Amino acid sequence: MKLIYKIALNEIRNLFYSPVAWFLGIAFWLLCAFIFTGSLSQMTNFQDISIQNNPAFEGFVQTSLTEIILLRGGLFSGVIGNLYFFLPLLTMGLISRELNNGTIKLLYSSPVKPAHIVLGKYLAIVFYCVCLLGILSIFLVISLLTIVNVDGGIVLSALLSLFLLICTYAAIGIFMSCLSTYQIVSGVATFIVIFALSAVGNLWQQYDFVRELTYFLSISGRTERMLKGLITTSDVLYFLLIIGMFLCFTYFKVKGAMESKKWTKSFAQYIAVVLVVLTLGYASSRPALIGYWDVTRNDVNTIHPNIQSLLHKFDRKSPLKVTLYINLLDNSIARGGLPEQRKQYEMYLWEGFVRFKPDIQFDYVYFYDVMPGDSTLFKQFPKKSLKEIAGLVAKIHRVDPDRFISPEELRKRIDLTPENKRLVMQLEYKGRKTFLRTFDDGPFWPDQMNIAAAFKRLQENNLPKILFTSGNLERSIYKTGEREFNYFTNDITNRTALINMGFDSDTINLDHQHISSGIACLVVADPKTMLSPVKQQKIGEYIEKGGRAVFLGEPGKQQMLNPLLSRLGVQLAAGEIVEVTPNESPDMIKPMITKEGFNLSDQFLLERRRLAAKKPVTQGSLSMKGMVEVERTAQNDFKPFEILKTDSLRHAYNTVSALVVDSVPPVFTPTKGDTRKASYTAMLGLSRKKNGQEQRILVAGDADFLSTIRKGAGGFSVAMFSWLDNNRLPIYVVPADPIDILFTISNKTAEIIRFSLVYIVPVLLLLIGVIVLIRRKRK
């Protein structure tokens with residue numbers, strides 16, 4: 001150990017008495033300074049301007065300054081992205097210098113062993129790497145003093161990732177240094193090896209076994225999870241194994257120069273080390289053997305506790321099987337269905353779930369097919385059969401066409417026509433199956449709420465079912481027109497559709513059918529003709545028994561629903577609400593969500609927190625084209641509460657005259673029956689205790705807000721039906737607001753820091769380095 005220490009100490013002296021180490025140290029400082037102060041100056045300037053012009057400015061809402069300034073896109077990302085420029089220049093002379101000067105022979109003839117040489121020189125480089133981290137730590141201390149509530153856990157995780165990466169580059173560099181007497185050659189070789197380790201993860205990804213090995217060898221992205229604050233045993237062991245492998249290579253090379261040995265034995269040593277490393281790496285990357293540590297403040301890298309509880313309900317003896325169906329002829333194949341994208345699919349989408357259920361099994365079925373009547377590809381490739389077209393498309397994607405089964409063979413396994421033959425997953429557990437879909441939006445893959453809904457379908461039988469009345473020209477859940485309800489109920493391409501949140505929807509004609517027990521609710525949506533006495537009787541009996549319902553009306557058709565609503569002590573008022581604004585037609589009303597409306601479901605958890613803290617909410621209005629007021633007409637045992645109401649500042653009023661929307665704006669005219677009050681109720685909630693349960697009913701003065709053209713009111717529609725079903729579904733995943741959203745300094749102070757770090761400190765370091773080198777030369 002003393003010999004290792006002496007060699008390391010001697011190497012450290014050589015480093016700090018060489019201009020290269022000082023040059024790299026100053027260059028590293030400048031890199032950190034430019035990245036850190038650039039972001040700091042820009043963000044503090046924005047904060048100063050915001051505070052000066054907006055007294056209510058609270059900070060960078062929903063934006064973590066720790067992440068912006070230090071992590072992804074900030075200091076650590078910039079340093080890691082440029083680190084490979086520094087280490088090869090530092091390590092290229094570690095052993096090649098000894099070889100070139102002939103001093104290696106003195107080491108060989110001394111009692112120093114090859115292991116002492118390798119470990120001593122490597123520890124010297126590690127010490128220098130710690131000094132570089134010390135430089136970086138200065139910027140971290142500054143961030144602690146300038147940002148409120150820095151997330152310390154994620155910063156320490158990022159430091160660990162950077163330290164392991166530096167040590168890995170150093171191990172690669174020391175091995176390259178012993179391969180040549182020319183330092184430049186050693187430096188270039190180090191660049192090449194680092195590049196090879198970065199690129200190997202993209203090679204041969206279409207082969208299953210090779211994919212696992214190349215993914216393990218790949219250094220690209222190994223620091224990503226740590227930069228997010230997630231430390232895993234597989235990532236840490238990767239760095240340690242790669243470091244150990246290259247140190248062993250260096251030991252073999254140094255020792256080989258001291259003894260005569262057949263090249264076959266030397267080669268066998270290297271192969272043995274590689275096999276051991278690959279075996280250990282492959283084993284350590286098995287899901288059941290990976291340990292996770294989420295060091296972030298709010299466990300942002302860990303799936304929500306509500307979903308964890310769902311995973312714990314799965315029987316550990318019964319695996320969950322996930323089969324991904326990939327259609328070669330569907331455009332979605334390029335977004336995640338190609339064979340080389342398997343690892344990203346499993347890591348990006350499923351790793352968080354595998355962490356809590358390691359026995360999830362993945363299967364892949366590749367096929368080619370088109371929807372019935374779809375002639376797009378036949379026009380694009382005229383006079384070609386479907387199989388020939390599949391072969392041409394396979395060439396475009398550079399995949400083996402023999403991997404994809406024919407439509408006939410696929411139909412023997414499953415019929416994917418209801419799923420539009422898109423890229424889709426089928427989950428299977430204890431003989432039960434359900435689909436988990438992809439979507440055409442930016443994220444593409446299902447989110448935690450969609451996955452949780454699929455889990456619920458596998459675990460429970462009595463999922464909420466919503467019935468929509470039909471037979472009176474109501475809005476349809478099957479038609480895709482702009483006024484219809486298919487988008488928010490059954491559209492499989494909409495991630496917030498009820499079907500993708502765990503709800504089932506169907507229609508019922510009460511002239512011929514009875515309302516079945518156990519449904520979540522009954523929806524009567526904008527009937528255009530009078531409901532028959534039979535329907536009114538059945539709906540009345542359903543309400544009287546405690547059934548839950550939604551009534552959606554429209555201007556000019558109040559009489560269709562008022563006979564039913566009168567039993568609830570509610571009616572749709574005569575006339576139509578008018579709201580004159582500069583940009584919208586006067587029948588476009590934008591009622592606000594009330595405090596009670598935010599209590600519908602946990603979707604509005606962040607808004608409730610902000611209201612509790614007496615802060616303004618970040619969202620809160622819907623668009624209703626053509627709205628009537630919902631008013632209370634009688635007192636009964638129902639407890640009413642407003643969910644949506646017009647904003648008192650927008651000066652809406654009610655008119656009983658015919659409203660013309662494509663002419664000059666209408667004028668409030670009391671003589672024609674126009675009336676005005678502070679606000680109008682757009683949606684009213686009713687609740688009461690009935691038969692030992694809470695009966696819940698919603699009445700809205702508009703149906704268009706749930707239509708396709710209004711995108712089904714976004715998540716609000718889901719919150720409505722969640723409340724009606726006692727909030728069993730969906731399983732909401734609401735992240736906590738970050739608290740590191742403010743700077744403690746002004747932009748003027750940030751500019752002083754910028755000038756000091758970018759100009760003054762590097763000059764001081766340069767002067768210190770020159771003085772040390774001159775004094776060393778004189779001695």
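**Helix packing and selected residues**

Author: The axes of helix α2 (residues 19-53) and helix α8 (residues 114-146) come within 11 Å of each other and cross at roughly 20°. This is a predicted model, in which local features need pLDDT of at least 70 and side-chain atom pairs count only at pLDDT 80 or more, while totals for chains, interfaces and linings use all residues. Residues are numbered from 1 along each chain as its sequence is written, and side-chain values use heavy atoms, with hydrogens and water left out.

Reader: Why are α2 and α8 called roughly parallel?

Author: Axes are lines fitted to C-alpha atoms, for helices over the stretch in contact, and angles run from 0 to 180 degrees between N-to-C directions. Angles under 35 degrees count as roughly parallel, over 145 as roughly antiparallel, 65 to 115 as roughly perpendicular and the rest as oblique. The axes of α2 and α8 cross at roughly 20°, and the two helices are therefore roughly parallel to each other. The crossing is right-handed, a term for a near helix turned clockwise from the far one by less than a right angle, left-handed being anticlockwise.

Reader: Which residues of α2 and α8 meet?

Author: Contact means heavy atoms within 4.5 Å. Among the α2 residues that meet α8 are Leu24, Phe28, Trp29 and Phe36, and the α8 residues include Leu132, Ile135 and Phe139. By class, this contact of α2 with α8 has 15 nonpolar, 3 polar and no charged residues. Ala, Val, Leu, Ile, Met, Phe, Trp, Tyr, Cys and Pro count as nonpolar, Asp, Glu, Lys and Arg as charged, and the others, Gly among them, as polar.

Reader: What describes the packing of α8 with α9?

Author: The axes of α8 and α9 come within 10 Å and cross at roughly 150°. This crossing is also right-handed. Residues of α8 including Tyr122, Ile125 and Leu133 meet residues of α9 including Leu159, Phe163 and Ile166. The contact of α8 with α9 divides into 18 nonpolar, no polar and 1 charged residues.

Reader: How do you know whether Gln536 is buried or exposed?

Author: Gln536 has 17% relative accessibility, so it counts as buried. This residue is found in helix α22 (residues 533-544). Leaving aside neighbours within four places in sequence, Gln536 is in contact with Met530, Leu531, Pro563, Leu564 and Arg567.

Reader: Why is Lys430 called exposed, and why is Asn420 called partly exposed?

Author: Lys430 stands at 56% relative accessibility and therefore counts as exposed. Asn420 has a relative accessible area of 33%, so it is partly exposed. Lys430 is found in the loop between β5 and β6 (432-437), and Asn420 lies in the loop between α19 (407-413) and β5 (424-429).

Key
Helix = DSSP H or I, 4+ residues; strand = E, 2+ residues; numbered from the N terminus. Buried < 20%, exposed > 50% of the residue type's maximum accessible area, 1.4 Å probe, protein only.
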